[in-house]
Amino acid sequence: MTAGQPLRADPAQPQRARRSSPPAALDAGLVPSYPPPESDGDESWVWSQIKAEARRDAEAEPALASFLYATVLSHPSLDRSLAFHLANKLCSSTLLSTLLYDLFVASLAAHPSIRAAAVADLLAARSRDPACAGFAHCLLNYKGFLAVQAHRVAHVLWAQSRRALALALQSRVAEVFAVDIHPAAAIGKGILLDHATGVVIGETAVVGDNVSILHHVTLGGTGKAVGDRHPKIGDGVLIGAGATILGNVRIGAGAKVGAGSVVLIDVPPRSTAVGNPARLIGGKKGEDVMPGESMDHTSFIQQWSDYII
């Protein structure tokens, strides 16, 4: 194989998606946006949806049939499809696609929590982003989703003291997806990087579960300080586009950071930080839905008395 050449499906297999009877929901032109509550996080359910969507799209758009077969329909499981797709996206003259594929397959097989987190991320994108056309669309085209999955493998490498390879993978992810996450950073599950371009997450940052982060967000340090120096983001937090959070500060569970804000202090749970420098305003009393899941960017405005258009 030539250096940097992408992986291909088994040449013995046909390169057109084979016709089969789609599920009734797809046959009626309906694709469920997320599974029923009793099957949330069920990898097999999500994988069946991805295959059904890929089969439908391959028949509707012949130009994509070979790609969809090679990337989705020729694989027995979600982790194999994801490993194949990431390997092709991230391969280069120094990181060969075969090396990356083996690395991703081994990491996903050895760490079921990574597979579970990938499913949670797919569910998050499908339920929170109205532009997400389906699970297959997210798997194949959402660079924020793909960047987070690659980061989780880099995080495993970092924990195994394979730091040179972890940093090489970080660099390649930043080059391909324009998302720069240090491999030591701890990222939870149910993560949505919406648009994702320009997201930067530093070495000692921690991001909880069910967090949504818009493009051009920085979770950074304050200068040359060493040690624990990056933000800690609680569960269910929503961080608006262009927000900058600097230093070892805590953003409490269910908090919201407005677009373009610069945050240098702790933000209590269920509070909102807006402005540059950010100031705190109260959250909604008794609100059950976390902002990271509701994607409610603007409810704080009615409480910001000097907001003028």
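Biologist: How many residues stand between strand 14 and strand 15 in their hairpin?
Modeller: Two residues lie between strand 14 and strand 15 in that hairpin. Strands are DSSP runs of E with at least two residues, and helices are runs of H or I with at least four, numbered from the N terminus. This is a predicted model, in which local features need pLDDT of at least 70 and side-chain atom pairs pLDDT 80 or more, while totals for chains, interfaces and linings use all residues. Residues are numbered from 1 along each chain as its sequence is written, and side-chain values use heavy atoms, without hydrogens and water.

Biologist: Do strands 14 and 15 run parallel or antiparallel?
Modeller: They run antiparallel, with four bridges joining strand 14 to strand 15 (residues 278–281). Pairing requires at least two DSSP bridges between the strands. Thr272, for instance, has Ile281 of strand 15 as its bridge partner.

Biologist: And which way does strand 12 run beside strand 14?
Modeller: Strand 12 (residues 256–257) is parallel to strand 14 (residues 272–275), and two bridges join them. Val257 is partnered with Ala273 of strand 14.

Biologist: Turning to cavities, how many are there of 30 Å³ or more?
Modeller: There are four. A cavity is a set of points on a 1 Å grid, over the protein atoms alone, where a 1.4 Å probe fits but cannot get out; lining residues have an atom within 4 Å of a point. Points are joined across faces, edges and corners, and the volume is the space filled by probe spheres set on them.

Biologist: What is the volume of the second largest cavity, and which helix gives the most to its lining?
Modeller: Its volume is about 60 Å³. Helix 8 gives the most to this lining, with four residues. Helix 8 (143–159), helix 9 (163–177) and strand 1 (179–181) are the elements that each give two or more. Among the lining residues are His151, Gln170 and Pro183.

Notes: 1 Å grid on protein atoms, 1.4 Å probe; cavity = no way out; pocket = protein on both sides within 12 Å on 5 of 7 lines; lining within 4 Å.
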